[in-house]
Amino acid sequence: MGSRIKDLSIQIFNRWGELIATVTDPLGSWDGTTKSGNIAQEGVYTYTLRARDLNLKDYEFYGSIFLIR
């Protein structure tokens, strides 16, 4: 995908399924903080990534990440 991304949304959820962070910048990343600016605890988080490329093809990925400080 890379620089050919037109739209992006990555949603990060805690272990209770609560949305804690959203990334919409194709060149951005999650800095390990919550929407309120608090530092997220170490542990497993799940994510949903939805993207659309310049040809309007949609992509959707799900997975988990382990936050280590």
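This report walks through the strands, pairings, salt bridges and surface of one predicted protein model.

## Ground rules

Because the model is predicted, local features need pLDDT of at least 70 and side-chain atom pairs count only at pLDDT 80 or more, while totals for chains, interfaces and linings use all residues. Residues are numbered from 1 along each chain as its sequence is written, and side-chain values use heavy atoms, with hydrogens and water left out.

## The chain at a glance

Let's start with the overall picture. The chain has 0 helices and 4 strands, where helices (H or I, at least four residues) and strands (E, at least two) are DSSP runs numbered from the N terminus. Read from the N terminus on, the elements run β-β-β-β. Along the principal axes, the C-alpha atoms fill a box of roughly 40 × 20 × 20 Å.

Of the 69 residues in the chain, 28% are buried; buried means under 20% relative accessible area, exposed over 50%, and partly exposed in between (1.4 Å probe, protein chains only). The accessible surface of the chain is about 5,000 Å², and 51% of that surface belongs to carbon and sulfur atoms. These areas come from the Shrake-Rupley method with a 1.4 Å probe, and for residues only the protein chains shown count as cover. Among contacts with a separation of 6 or more, residues 24 or more positions apart account for 43%; contact here means heavy atoms within 4.5 Å.

## How the sheet is put together

The 4 strands form an open sheet in the order β2-β1-β3-β4, with antiparallel pairing. Strands β2 (19-23) and β4 (58-67) stand at the edges with a single partner strand each, so one side of each has no neighbour in the sheet. From one strand to the next, the twist averages 20°; the axes behind such angles are lines fitted to C-alpha atoms (for helices, over the stretch in contact), and angles run from 0 to 180 degrees between N-to-C directions. Two strands count as paired if DSSP finds at least two bridges between them.

Now for the pairs themselves. Strand β1 (residues 5-13) is joined to β3 by 8 bridges, and the two run antiparallel. Within this pair, Q11 stands opposite T48 in β3, and D7 stands opposite R52 in β3. On its other pairing, β1 meets β2 in the antiparallel sense over 4 bridges, with I10 opposite V23 in β2. β3 and β4 pair over 10 bridges, again antiparallel, and there Y45 stands opposite I65 in β4.

## Two hairpins

β1 and β2 form a hairpin with 5 residues between them, and G17 in the turn has a positive phi of about 80°. The hairpin of β3 and β4 has 4 residues between the strands, and in it L56 takes a positive phi near 65°.

The structure holds 2 salt bridges, each defined as a side-chain nitrogen of Lys or Arg within 4 Å of a carboxyl oxygen of Asp or Glu. In general, side chains of opposite charge can pair when their charged atoms come close. One of the two joins R50 and E60, whose closest N and O atoms are 3.1 Å apart. This pair links distant parts of the chain, with R50 in strand β3 and E60 in strand β4, 10 residues apart. R50 is partly exposed at 38% relative accessible area, and E60 is partly exposed too, at 42%.

In the other salt bridge, the side chains of R52 and D58 meet at 2.7 Å, N to O. R52 is partly exposed, with a relative accessible area of 31%. D58 lies in strand β4 and is partly exposed at 47%. Leaving aside residues up to four places away in sequence, D58 touches A51 and R52.

## A nonpolar patch

V44, F66 and I68 make a nonpolar surface patch of about 330 Å². Patches are made of residues with over 30% relative accessible area and no salt bridge; like charges are joined within 9 Å, and nonpolar side chains (Val, Leu, Ile, Met, Phe, Trp, Tyr) within 5 Å. V44 sits in strand β3 (residues 43-53) and is partly exposed, at 47% relative accessible area.
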